[in-house]
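This briefing concerns aromatic pairing and nonpolar packing. Please have the sequence and the model at hand while reading.

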Amino acid sequence: MKQLLIILLSIFFLMGCSKEPTVMFDSLPQTQLQESSYSNLPNWESENYDEVLYSFMNNCRAKKSSNIYNTLCSSSQNIKDAKEFLESNFTPYIIESLDETKKS
C-alpha cells in the first residue's frame, strides 16, 4: 500500500512539472448549430445504446451535470429501452462553419 502511495505521489509530482500546453489556434471558428435528426447520424442504428446511456448516467455523478440535468438523471435510472430514452430526451445538432473557406 505504501508503494502504491509513493507511485501515485510521484505521478502527480511529475504531472505538475510538465510544460504549458501549446495553443494550436489563435481563435475559435465561427459556427452555428442546426437541428438534425437521428437518421442523419452515421451508424446510429448500430450504436450500443446501453453503453451511451451508461456514459450519460456516469456523467450524472458530477455535481454540475447533476444540477443541470437533475430530472433527466433521475429518470435515467429506471430505463428499459435506452434507444427510446435517448431519442426522446436529446436532439442531435450539426455544427456548421460560417467561414466560407472552411466549409466541410
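Which residues form one aromatic cluster? The cluster consists of Phe56, Tyr69, Phe85 and Phe90. The model is predicted, so local features need pLDDT of at least 70 and side-chain atom pairs count only at pLDDT 80 or more, while totals for chains, interfaces and linings use all residues. Residues are numbered from 1 along each chain as its sequence is written, and side-chain values use heavy atoms, with hydrogens and water left out.

**Aromatic pairs**

- Six aromatic pairs occur in the structure; rings of Phe, Tyr and Trp (its six-membered ring) pair if their centres lie within 6.5 Å, and planes under 30 degrees apart count as stacked, over 60 as edge-to-face and the rest as tilted.
- The ring centres of Tyr38 and Trp44 are 4.7 Å apart and the planes stand at 35°, so this pair is tilted.
- Tyr38 counts as buried at 15% relative accessibility, and Trp44 is buried with a relative accessible area of 10%; buried means under 20% relative accessible area, exposed over 50%, and partly exposed in between (1.4 Å probe, protein chains only).
- Phe56 and Phe85 also form a tilted pair, because their ring centres are 6.4 Å apart and their planes are at 50°.
- Phe56 belongs to helix α2 (residues 49-59) and Phe85 to helix α5 (residues 82-89), so the pair ties together parts that are 29 residues apart in sequence; helices (H or I, at least four residues) are DSSP runs, numbered from the N terminus.

**Nonpolar core**

- The largest nonpolar core has eleven residues: Tyr38, Trp44, Tyr49, Leu53, Phe56, Cys60, Leu72, Cys73, Ala82, Phe85 and Leu86.
- Two or more residues of this core come from each of α2, α4 (70-75) and α5.
- Such a core is a set of buried Ala, Val, Leu, Ile, Met, Phe, Trp, Tyr and Cys residues joined through side-chain atoms within 4.5 Å.
- Leaving aside neighbours within four places in sequence, Leu72 is in contact (heavy atoms within 4.5 Å) with Phe56, Phe85, Asn89 and Phe90.

- Tyr49, Leu53 and Phe56 are the buried residues of α2.
- Viewed down the helix axis, the buried residues of α2 fall within an arc of 60°, so they line one face; the arc is that of the directions from the helix axis to the C-beta atoms.
- The cover over these buried residues includes α4 and α5.
- Asp50, Glu51 and Tyr54 are exposed on the other side of α2.
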